[in-house]
Amino acid sequence: LVKSYGSKQVLKDVDFVFEEGRIYGLLGRNGSGKTTFFNCVNNDIDINSGEFFFRGESGEKTPVMPEDIGYLVSTPTVPEFMTGREFLKFFIEVHEEIKPDKTIDEYFDYMMVPEDDRDRLLKDYSHGTKNKMQMLLNIIASPKLMLLDEPLTSLDVIIAEEMKNVIRNQKQGRITIFSTHLLDVAVDLCDEIVLLHNGRLEPIDKSNLGDADFKEKIINALRDEDNG
């Protein structure tokens, strides 16, 4: 996968296989191209060359369709004129192909949305609860591919831990790619870590991350990106 903005090549040769049932930490500095990579996969922007696809057990390729993707961003956008309950009800009614396996209150319970928030306007929700609502839509839609673009940014400690547990519980049956610029978050949450460095994806052996010298090597590689 290759993507440039004018003369600046952001993604130079992104070549990687992500496997179902695993959480991948997409680690990179701010501005390294993590969001650009997500926007390419989500078809929000055009790519210059390359392709991405699902590969089945027998090796066949199938295209990645919009309904296959759940995309969670760090700054949630919700219809602030609706209550949380109205929002979920509307989402389910609009997407007739979705067959919910829980009631709306059961979904709220699963995401630990307080009862007194459920019938309040979304404009009065905290940042963390808005993030929970955004995650809840993706849980209800049950996509094959989940793109999580720094969703824990600016969350308090309690909500961040709750979101981590939800992400872990939702990994079966799908590919989850979690972008972050925080090494410790990636180590704590993810099954595998992939470094986006100088426009390429490089796998990192997570078993070595407890070694201070290895961490320093990663940090130096990211620091060197300024000169790459």
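Predicted model: local features only at pLDDT ≥ 70, side-chain atom pairs only at ≥ 80, totals over all residues.
Reader: How many helices and strands does the protein have?

Author: Seven helices and 10 strands.

Reader: What share of the residues is buried?

Author: Buried means under 20% relative accessible area. By that cut-off, 47% of the 228 residues count as buried. The exposed surface comes to about 12100 Å², with carbon and sulfur atoms supplying 48% of it.

Reader: Where do the charge centres lie?

Author: There are 27 positive and 42 negative side chains. The centres of the two sets lie 2 Å apart.

Reader: Now a strand. How should I read its two faces?

Author: In a regular strand the side chains alternate between the two faces of the sheet. Take strand S3, residues 23-27: five of its five residues are buried.

Reader: Which residues of S3 sit on each side?

Author: Ile-23, Gly-25 and Leu-27 are on one side, Tyr-24 and Leu-26 on the other. Both faces are covered.

Reader: Which strands pair with S3, and in what sense?

Author: S3 runs parallel to S8 (residues 175-180), joined by five bridges. In that pairing, Leu-27 stands opposite Thr-180. S3 also pairs with S9 (residues 192-197), again in the parallel sense, over four bridges. There, Gly-25 has Ile-193 as its bridge partner.

Note on methods: Residues numbered from 1 in each chain as written. Heavy atoms only, no water. Helix = DSSP H or I, 4+ residues; strand = E, 2+ residues; numbered from the N terminus. Buried < 20%, exposed > 50% of the residue type's maximum accessible area, 1.4 Å probe, protein only. Areas by Shrake-Rupley, 256 points an atom, 1.4 Å probe, with all protein chains shown as cover. Lys, Arg positive; Asp, Glu negative; His and termini not counted. Charge placed at Lys NZ, Arg CZ, Asp CG, Glu CD. Pairing = 2+ DSSP bridges.
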